[in-house]
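This report walks through one model, strand pairing to begin with, then the core, a loop residue and a pocket.

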Amino acid sequence: MKSPRKVLAGTVAGVIAVAGLGWGVSTRLRSPADEAALRKAPTPSLVTAAVERRKLTSSVVVSGTLEYGSPRPVALAGVVGGTAEAQRATRAPRAGRLREGAVLMEVNGRPVFTLKGSVPMHRTMAPGTKGKDVLQLQRALRRLGFGGAVTGVFDQTTVAAVRRWYDKRGYQAQEPDLTARQSRDTLRKAVQTAEETLALEERTLEQGLDVAPLKVKLDNARDDLKAAESALEEAEAVEVPPEDARALEDLRRAVRSAQEELASAEAALAAAKPEDAKAPLELKVRNARANLSGAQDAISAFLEEARVKRGKNLEDLRKAVRTAQDTVLTADQALRHAKQTSPVKLKVSNAKKDVAAAKALLGEFLQTYGTTIPPGEIVFLPRLPARVQKVKIKAGATVADEVATVTSSSFVVSGSVEAAEADLLRAGMPATIETTAGKIHPARLTSVGDALPGSSVPSGSEGVLLTPVSDKGLKGMAGAAVTVKITVGATSGEVLVVPVAAVVTAADGKPRVKVEVAPDKTKEVEVRTGLAADGDVQVTGDLEEGDRVVVGGA
């Protein structure tokens, strides 16, 4: 039989269990009103974002490829060497860096050099060649340290520099071949033969029966002229002819004797004493003076007569010279006329033409004779150093078309953007290049609307090219995909920024934002907007950093 205490404990436990079960059931059961209340949407609240102060940058993102820029096909401008035989590559181009003055390849054992220049090689450079291509060759030779004047003319100074250049690189500059030397000798012999023929015909003309007598007559007339001119010259050199010189000297002695006689008489008169008779002495003085006057008059008369006689003699001699000159002129004209009308004259004329023609041919040939640069031995490239990107010929193959593709030695990034974004871009804009490894490299937008040859641009897009500020850290990444951000706008410093969704345009057309001033309470603030980027926009107005602006909700 159970004790009363145990019965009581069981009863109490049962009551508690029933009560707990009833409470649990009551919590699971709701009235229709309660269910409706639970299903009703909560009271809407405001969605806000904080006003921030930071620098805002707007950019265009481009997916591109890192490549070496300015690809250019290379073809030889003509033959290499001085022969037109089959042009066969004996050393193919090699991929890699290409410096100025380097050998791109060899053809038939001859070099093909690379030099910097915008004018393509298009002809053989030979002595006397002039032009811009020669000018840029001379400048390249000076840059390479081989000197030479920069004149634009392929002269002997340039030839010497070219020889030094080839020799330094282990080659010999192109000299005239056997055929050219034989042609030069043939032309020289042609000139010699023509000159000999001309001399023979001229000698025949001079010795002709219709010319020889006239030639002798002309020679005699010239001798007579020389004699007349000599006689005139001698007569003009003296005042008195030799045959009258003695008579003139006798007259001069008579004058000197009269002068001495007068001096002696005057001295005797002066020495006489007062008591001496002076009349005889004075008479002697007068006679001496008369004798002196007579001697002087005689010499004056003689000189006047000699002057007149000399003048007449000179006139006769000058007339003889003129007559001799006329005789020479007449004889010369007669000889010329005879030569002109002589049948041999035509042969002489033709022989002279043959000499002139032969000399002209030789001169023209010699203008291009000597050390030359064949058109295929230089490739001018606008920029050096460069890189051989692709080799298009193998050793042993015949050179026909392109031999290689070269690029610049600097990287570029090629890509494309949609036309709408392209309108925002301008050459020179700053950009950044991000590699797959996450490294950032500064760059510049080079051009819009251009693309590297061979690359494709989707329809409705524009090609863009960018240049890294430095190639450091990019070596070995040619062909790699990169991401580029082109900065199209940026604030000069930190500005207030809000989400674009927070700005609304009021009925008056002015932009505003709603600023939360208390829970579920806002006020409108008029703002001015600026640069927008990545969903945010620059604003100015009665706002402070940390204010919360409404972007959605009640």
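In strand S15, Glu462 is the bridge partner of Val417. The model is predicted. S15 covers residues 461-468 and is joined to strand S12 by six bridges. The two strands run antiparallel.

S12 has another partner. Strand S3, residues 57-68, pairs with S12 over five bridges, again in the antiparallel sense. Here Val413 of S12 is the bridge partner of Leu66. The table sets out both pairings.

| Strand pair | Bridges | Sense | A bridge pair |
|---|---|---|---|
| S3 and S12 | five bridges | antiparallel | Leu66 and Val413 |
| S12 and S15 | six bridges | antiparallel | Val417 and Glu462 |

How covered is S12? Six of the eight residues in this strand, 411-418, are buried, so S12 is mostly covered, with buried meaning under 20% relative accessible area.

**The nonpolar core**

The largest nonpolar core holds 21 residues. Met125, Leu137, Phe154, Trp165, Tyr166, Ile373 and Ile378 have the most contacts inside it. Four elements each supply at least two residues of this core: strand S8 (110-116), helix H3 (132-143), helix H4 (156-168) and strand S9 (378-381). H4 gives the largest share, five residues.

**Glu175 in its loop**

Glu175 sits in the loop between H4 and helix H5, which spans 178-206. Is this residue buried, exposed or partly exposed? Glu175 counts as partly exposed because its relative accessibility is 27%, and that class lies between the 20% and 50% cut-offs.

Which residues does Glu175 touch, beyond neighbours within four places in sequence? Glu175 is in contact with Arg163, Gly370 and Thr371. Thr371 is 196 residues away in sequence, yet the C-alpha to C-alpha separation is 4.7 Å.

**The largest pocket**

The largest pocket has a volume of about 250 Å³. Its lining has 18 residues. Nearest the centre lie Thr124, Pro176, Ala180, Thr368 and Thr372.

What classes make up the lining of the largest pocket? Eight residues are nonpolar, eight are polar and two are charged.

Notes:
Residues numbered from 1 in each chain as written. Predicted model: local features only at pLDDT ≥ 70, side-chain atom pairs only at ≥ 80, totals over all residues. Heavy atoms only, no water. 1 Å grid on protein atoms, 1.4 Å probe; cavity = no way out; pocket = protein on both sides within 12 Å on 5 of 7 lines; lining within 4 Å. Points joined across faces, edges and corners; volume = space filled by probe spheres on them. Nonpolar A, V, L, I, M, F, W, Y, C, P; charged D, E, K, R; others polar. Core = buried A, V, L, I, M, F, W, Y, C linked by side-chain atoms within 4.5 Å. Buried < 20%, exposed > 50% of the residue type's maximum accessible area, 1.4 Å probe, protein only. Pairing = 2+ DSSP bridges. Contact = heavy atoms within 4.5 Å.
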